[in-house]
Amino acid sequence: MIPHSEIIFGPPGCGKTYTLMEEVENELSSGTAPDRIGYVSFTRKAIQEAVNRASTKFKLDRKQMPWFRTLHSWAFNGLGLSTTDMMATEDWDALGRSLGLRFQGTRAVNPDDGMLMPGAIDTGDIYLQMENRARYRGISIEEEFNDVANHALNFDQFRKIVEQVKAYKDYTMKFDFADQIEKYVEMGEPPSLDLLIVDEAQDLTPLQWSMVAKIAEKAKRVLIAGDDDQAIHRWTGVDVKRFLSVSTRYRVLTQSYRMPKSVHDLSQKVVKRIQGGRREKEFLPTDSEGRIDWAMNTHEMDLTEGSWTLMARTNSFVRSWGDALRQEGYLFSIKGTSSINQDAAMAAATWRRLQRNEGVDLASIVALYDFVPKQGDHAVVKRGSAKLLDAANPESFLLYDDLVSEFGMIADINKDPLEIARFGKDDMRYIRAIERRGEDISCPPRIKLSTFHGMKGGEDDNCAVFLGSTKACVNSKHPDDEHRAMYVGLTRTKNRLFLVDTDHRYKYKI
């Protein structure tokens with residue numbers, strides 16, 4: 001239990017962040033200084049959204065909100081650490097050499113989010129992931145090893161790795177991400193706060209809850225926001241029952257501003273399959289009926305217009321969808337990255353403007369010069385010519401003839417923009433297909449691809465959910481994981497939902 005606390009249950013699209021910003025506004029209106037308000041979460045995404053909204057709505061500078069942080073960032077700053085205090089790539093490489101293993105997954109860890117999960121690359125990463133998870137769960141490595149039940153792993157080797165990693169950190173006086181939280185719980189000095197908000201709280205591990213409890217000791221009021229039905233990070237050590245029991249006071253946001261009626265009805269059938277304990281939450285859909293359709297593949301969905309997000313359970317399914325969309329000539333993005341290199345796309349777009357004899361702003365010309373080759377048979381500008389642009393009027397708009405006469409342009413104006421942008425033959429064919437659909441490769445794609453986990457917190461006008469799954473997911477001893485993941489996927493749409501079936505042996509049955 002956390003004293004002076006209240007849980008805010010926010011079902012999908014019910015304005016949880018808006019409600020939390022109202023709480024911040026009320027606190028500021030009552031005379032509370034911004035530095036006496038804390039806003040924490042375990043991911044940078046949630047904090048960044050809160051910071052952006054608070055900055056815009058309350059005209060606050062980021063420095064005025066020192067306690068709007070991820071838990072790892074809070075601990076890092078609260079302990080007075082620097083980047084040199086943290087385990088770095090060279091440290092993991094040195095450890096790996098001494099143990100005869102590789103720790104490659106550490107290179108992909110986000111310093112703010114601070115977890116080596118999931119997607120272990122090598123055996124060393126798998127062991128390190130288990131050690132991290134045991135600490136976040138607050139259990140012994142023996143219990144974690146038995147829970148994982150991977151017969152390809154060796155417990156004696158696991159224990160040796162854990163001992164050697166600890167010895168190395170003790171000798172070098174360096175920290176890993178779990179150390180930050182543990183040390184803060186042990187010796188951190190939290191600030192005095194009038195209001196502490198804990199967002200996405202359903203995804204906190206027991207160790208992170210210990211840190212929240214530490215911070216809350218000096219907070220007059222604590223709001224804990226989340227949705228147990230969307231607790232899809234159990235593999236990190238999350239225990240959703242901890243979230244449900246952290247306070248005796250709670251309120252439920254009761255109006256979804258996203259989900260149409262048909263999608264709401266379907267989602268409730270799925271969420272009621274959760275058996276491992278949940279809070280029943282009654283909330284209303286929008287006035288729109290919405291639409292749910294079935295399909296077997298992308299050919300059966302009209303993706304030619306509108307904004308779309310296509311979701312699947314795993315990254316491999318997402319990549320397969322990307323391959324299919326590429327074959328069909330659709331521009332798309334995966335995890336925010338366009339299927340066409342955007343630097344190259346902008347270079348091609350700039351060249352086309354020059355071909356139309358349009359004046360092009362200096363910033364676009366600088367970007368073009370930075371991108372194109374400057375020597376060899378395919379040189380577009382003379383070597384060193386980018387420096388000539390330093391003397392140009394920052395507000396000028398330049399024509400192709402200006403670039404030739406004053407700024408070292410040597411490529412013929414009739415050269416194919418896609419060659420200027422150094423696209424290969426396969427990409428050229430793909431781009432031609434995209435452009436035949438009337439799409440601009442330099443614009444943000446209308447079609448996004450994502451896993452359910454990656455789309456959490458997001459929404460789109462039209463969504464498609466692939467029902468295919470994996471043997472490990474379907475046969476998991478934690479079936480609620482599948483129900484919660486599917487619930488998150490289904491509840492992203494604001495208008496139309498496609499359920500994409502499959503003849504795969506393993507799939508989620510609606």
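A charge is said to sit over a ring if NZ of Lys or CZ of Arg is within 6 Å of the ring centre and within 35 degrees of the ring normal. Keep that definition in mind while you select Arg279 and Tyr250, where the charged end of Arg279 sits over the ring of Tyr250, 4.0 Å from its centre. Then select Arg422 and Phe371, where the charged end of Arg422 sits over the ring of Phe371, 4.6 Å from its centre.

This is a predicted model, in which local features need pLDDT of at least 70 and side-chain atom pairs count only at pLDDT 80 or more, while totals for chains, interfaces and linings use all residues. Residues are numbered from 1 along each chain as its sequence is written, and side-chain values use heavy atoms, with hydrogens and water left out.

**The sheet**

Switch to a cartoon view and look for the open sheet, in which seven strands follow the order 7-15-14-8-13-9-10 with mixed pairing. Strands (E, at least two residues) and helices (H or I, at least four residues) are DSSP runs, numbered from the N terminus, and two strands pair if DSSP finds at least two bridges between them. Strand 7 (291–295) and strand 10 (337–338) stand at the edges with a single partner strand each, so one side of each has no neighbour in the sheet. Next select strand 14 (residues 460–466) and strand 15 (residues 493–500), which pair in the parallel sense over six bridges; here Asn462 stands opposite Arg496 in strand 15.

**The aromatic rings**

A pair of aromatic rings is described by the distance of the centres and the angle of the planes. Rings of Phe, Tyr and Trp (its six-membered ring) pair if their centres lie within 6.5 Å, and planes under 30 degrees apart count as stacked, over 60 as edge-to-face and the rest as tilted.

The structure holds 13 aromatic pairs, and one of them is the stacked pair of Tyr39 and Phe68, with 5.3 Å centre to centre and 25 degrees between the planes. Because Tyr39 lies in strand 2 (residues 37–41) and Phe68 in strand 3 (residues 68–70), the pair ties together parts that are 29 residues apart in sequence. Is Tyr39 buried or exposed? Tyr39 is buried, with a relative accessible area of 0%, where buried means under 20%, exposed over 50% and partly exposed in between (1.4 Å probe, protein chains only); Phe68, at 2%, also counts as buried.

Finally, select Tyr127, Phe145, Phe155 and Phe158, which ring pairs link into a cluster.
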